[in-house]
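The sequence and structure come first.

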Amino acid sequence: MLKHLALKHLVLKHLVLKNLALKNFALKHRMLKRFAVSFTAAMALLGTSLAMAEERPAPFDAPEDVTIALIRYISTGDFFQAYLSGVEAQAAALGVNLRVLDSRQDAALQADMVDQAIALGVDGIIIQHGLPESMKDAAQRAVEAGIDVVAFDVEVDNPAIPQVEQSDYLLGELVLNQALQDNGDSFTAGYVYVPGIAPLDRRNAAWEDFKEAHPGVTEAAVFGTLDNPIANSVANQARAVIQANPMIDVFFAPYNEFAAGVKIAVDEMGLGEDIAIYSADISTSDIAAMREPGSPWAATVATNPTVVGEVSVRTLALLMAGEEPSQQVIVPPTLITQDFLNDNAITNMETLGENMPQFSHAEVVLADWLTLPER
């Protein structure tokens with residue numbers, strides 16, 4: 001009897017151990033299978049990343065050896081600081097070196113800076129604003145030196161150089177249509193304009209067409225300056241213009257520093273309820289100025305200057321990689337009214353982008369290998 005029980009015990013113990021071994025085997029098998037799946041996925045992801053890195057065209061397969069230069073004509077004002085931030089962000093996303101040369105509205109110095117960049121042996125140049133008469137020859141010298149060049153808002157009249165712009169004619173047209181909607185087709189206007197600057201000249205074309213289409217609109221005065229600080233210099237002119245032309249009820253100031261200057265004069269003269277300002281471009285400080293109680297700044301049309309800076313670098317990158325971008329790269333503008341800012345409690349460029357998705361990113365000049373800045 002005892003032998004029988006002992007034998008039965010041994011059989012049961014064997015079965016238990018065998019079952020446990022089978023369970024352990026199954027568990028290990030599942031773990032190995034999961035590891036194999038995870039390992040395969042990880043290797044696939046790594047392979048994709050390596051493939052993406054390998055697919056980057058020269059010279060961006062070694063971005064640490066690439067240097068680009070931004071040569072600026074105008075740097076005063078929030079728009080140009082935001083533009084610079086975009087250039088810096090996109091250059092960092094690509095991993096290239098960036099040199100910034102600032103001529104501070106000295107046309108001769110800006111041309112010399114192009115020659116400096118050539119001498120430094122940079123791989124690409126972005127020319128930001130400037131005068132055509134000083135930039136055309138300088139830009140051509142860079143092209144002849146084998147350097148890829150992109151122009152932002154400066155007309156260099158060179159088929160080898162893509163032009164990045166904000167569709168300035170449309171920008172002027174959109175804001176003037178808003179002025180018409182707000183004030184009717186009969187008003188007296190003051191106009192802030194400095195000729196010779198490509199974006200201002202294109203916006204001026206929209207103003208000339210607008211006047212011709214609406215004969216009830218009277219242009220009482222034209223004035224403007226780019227003397228630093230621009231807003232304060234324009235404010236001094238605007239005071240004299242308003243005093244000489246008290247019938248003015250609308251100002252077309254198609255650059256935000258111009259509009260800020262006119263606003264200073266209008267506020268100081270206590271005419272905020274009698275005069276409306278329509279402008280181009282925008283910044284966080286402009287948003288605050290437009291939202292002040294009783295502000296005369298009624299509307300602006302703008303692109304996000306940070307986005308324009310990013311697009312400028314991407315255009316240059318495509319050119320350097322031999323992937324020809326369009327000769328004219330357009331960043332579409334957006335109408336922004338004082339009512340919209342107030343109704344949506346917009347306080348800065350970030351909240352503006354959140355409420356206007358089309359303002360925070362431009363679906364232009366993209367490629368699979370072009371890394372975008374983090375958002």
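## Helix H4

H4 has 13 residues, and the distance from its first C-alpha to its last is 18 Å. That is close to the 18 Å expected at 1.5 Å a residue, where the expected span is 1.5 Å times one less than the number of residues. Helices here are DSSP runs of H or I with at least four residues, strands are runs of E with at least two, and both are numbered from the N terminus. This is a predicted model, in which local features need pLDDT of at least 70 and side-chain atom pairs count only at pLDDT 80 or more, while totals for chains, interfaces and linings use all residues. Residues are numbered from 1 along each chain as its sequence is written, and side-chain values use heavy atoms, with hydrogens and water left out.

Which residues of H4 are buried? They are Pro132, Ser134, Met135, Ala138, Ala139 and Ala142. These residues cover an arc of only 145° around the axis, so they lie on the same side of H4; the arc is taken from the directions from the helix axis to the C-beta atoms. Glu133, Asp137 and Glu144 are exposed on the other side of H4. Buried means under 20% relative accessible area, exposed means over 50%, and partly exposed lies in between (1.4 Å probe, protein chains only). An α-helix has 3.6 residues a turn, so residues three or four places apart point the same way.

## Around H4

The buried residues of H4 pack against H3, strand E3 (124-128) and strand E4 (148-152), with contact meaning heavy atoms within 4.5 Å. After H4 comes Gly146, which has a positive phi near 85°.

A salt bridge joins Arg141 to Asp115, with the closest N and O atoms 2.9 Å apart. Arg141 is partly exposed at a relative accessible area of 34%, and Asp115 is partly exposed at 29%.

## Salt bridges

A salt bridge is counted when a side-chain nitrogen of Lys or Arg is within 4 Å of a carboxyl oxygen of Asp or Glu. The count is 12 salt bridges.

Arg202 and Glu165 form a salt bridge at 3.6 Å, N to O. Arg202 is in helix H6 (residues 198-213) and Glu165 in strand E5 (residues 163-165), 37 residues apart. Arg202 is buried at 18% relative accessibility, and Glu165 is buried at 6%.

Arg203 pairs with Asp168 in a salt bridge whose closest N and O atoms are 2.7 Å apart. Arg203 lies in helix H6 and Asp168 in helix H5 (residues 168-183), so this pair ties together parts 35 residues apart in sequence. Arg203 is buried, with a relative accessible area of 2%, and Asp168 is buried, with 0%. Salt bridges link Asp153, Glu165, Asp168, Arg202, Arg203 and Asp281 in a network.

## Aromatic pairs

Rings of Phe, Tyr and Trp (its six-membered ring) pair if their centres lie within 6.5 Å; planes under 30 degrees apart count as stacked, over 60 as edge-to-face and the rest as tilted. The count is 12 aromatic pairs. The ring centres of Phe223 and Phe251 are 6.1 Å apart and the planes are at 85°, so this pair is edge-to-face. Phe223 is in strand E7 (residues 218-223) and Phe251 in strand E8 (residues 250-253), 28 residues apart. Both Phe223 and Phe251 are buried.

One aromatic cluster is made up of Phe187, Tyr191, Tyr193, Trp207, Phe210 and Phe252.
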